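Biologist: I have a model open and want to learn how to read it. Can we go feature by feature?

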Amino acid sequence: MKKFIVTGGNGFIGSNLINFLVKKNYFVINIDKGKYTKKSYLLNGINKKSYRFYKLDINNKKIFTLFKKYKPDAIFNLAAETHVDRSIETPKEFVNSNILGTFNILEQLKKYNKKFKKKIKLIHISTDEVFGDLKKKERSKENSQYQPSSPYSASKASADHLIISYCRTYNINAVISNCCNNYGPGQFPEKFIPTLIFNMLNNNSLPIYGRGKNSREWIHVEDHCRGLFAIYKKGKSGESYNIGTGNNISNLNLTKLLLKIVRKKIKIGSKVKINFVKDR
């Protein structure tokens, strides 16, 4: 049975990926420092024979002992600080987790490869936000210029560059994925779509930055997991792969679409109205 380590497995994408892999009859080791949640509800019914959890920060060098114990075929690195607004308020946390945490994983992989003469494949989950703001109908490519516009995207871009350098300098076997915006089960309430749904259900206003013209590309988290597994199987070391749908929608139109769907299910309160707020 193949073994995979998923860092940040208690998170939204991580917990969905663990379910995806376990259903394929793989053994999964979840490494998470438990900052946001002790355990995702998506992991409640998971097969215990195919799953182990370790509460551990990816900055901790003890991560090497897990590499040594399980000798995984691959590591999916999803452990990261992710929310743009929080990166503006507390950027140091993003440097510690997204840059230094990735650096520690690379260092422990380098040590492992040298000791055991066997390479573990690293699939590093980055973001399309490293490419910065794109013009309407413009698409980022794998070789597009990095133009991060927040401490979050800058920290992810830094990690990407570190990984590419370790592939070339130390012959680490690693690939990078840059995915568009995810949605689906288990997503944190602070994210855009869960915030809108929560407010609709609780008779609150719907906050939208600016005039809602910002356009995003969206993908269901399960489709993202399929893409990550394809990159694990076919991705070439040192290369980056964009994962997306090609379907963009403005924040305003997405809000209107959600309102239309929810109104078919429940009666919405009088306070559920679009509220334009200052752009971050």
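Predicted model: local features only at pLDDT ≥ 70, side-chain atom pairs only at ≥ 80, totals over all residues.

Biologist: Is helix 1 mostly covered or mostly open?

Modeller: Start with the general idea. An α-helix has 3.6 residues a turn, so residues three or four places apart point the same way. Now the case here. Helix 1 is mostly covered, with 11 of its 12 residues buried. Among them are Phe-12, Ile-13, Leu-17, Ile-18, Phe-20 and Leu-21. Gly-14, Ser-15, Asn-16 and Asn-19 are buried too.

Biologist: What covers the buried residues of helix 1?

Modeller: The cover includes strand 1 (3-7), strand 2 (27-32), strand 3 (51-55) and strand 4 (74-77). Strand 7 (181-183) and helix 7 (221-234) also take part.

Biologist: Next, backbone angles. Which residue with a positive phi follows helix 1?

Modeller: First, the general rule. Most residues other than glycine have a negative phi. Asn-25 follows helix 1 and has a positive phi of about 70 degrees. Asn-25 sits in the loop between helix 1 and strand 2. Asn-25 counts as exposed because its relative accessible area is 58%, and the cut-off for exposed is over 50%.

Biologist: Where is Asn-171 found?

Modeller: Asn-171 is in the loop between helix 5 (151-170) and strand 6 (174-179). Its phi is positive as well, near 60 degrees. At 49% relative accessibility, Asn-171 counts as partly exposed.

Biologist: Now Asn-182. Is Asn-182 buried or exposed?

Modeller: Asn-182 is in strand 7. Its relative accessibility is 8%, so Asn-182 counts as buried; the limit is under 20%.

Biologist: Which backbone oxygen lies 3.0 Å from a polar side-chain atom of Asn-182?

Modeller: That of Cys-180. Then look at the contacts of Asn-182.

Biologist: Last, the surface. Which residues make the nonpolar patch of about 240 Å²?

Modeller: Ile-197, Leu-201 and Ile-266 make that patch. Leu-201 lies in helix 6 (residues 192-201). At 55% relative accessibility, Leu-201 counts as exposed.

Notes. Residues numbered from 1 in each chain as written. Heavy atoms only, no water. Patch = residues over 30% accessible without salt bridge, like charges linked within 9 Å, V, L, I, M, F, W, Y side chains within 5 Å. Areas by Shrake-Rupley, 256 points an atom, 1.4 Å probe, with all protein chains shown as cover. Salt bridge = Lys/Arg side-chain N within 4 Å of Asp/Glu carboxyl O. Helix = DSSP H or I, 4+ residues; strand = E, 2+ residues; numbered from the N terminus. Buried < 20%, exposed > 50% of the residue type's maximum accessible area, 1.4 Å probe, protein only. Contact = heavy atoms within 4.5 Å. Polar contact = N/O pair within 3.5 Å; in protein donor to acceptor, adjacent residues only side chain to side chain.
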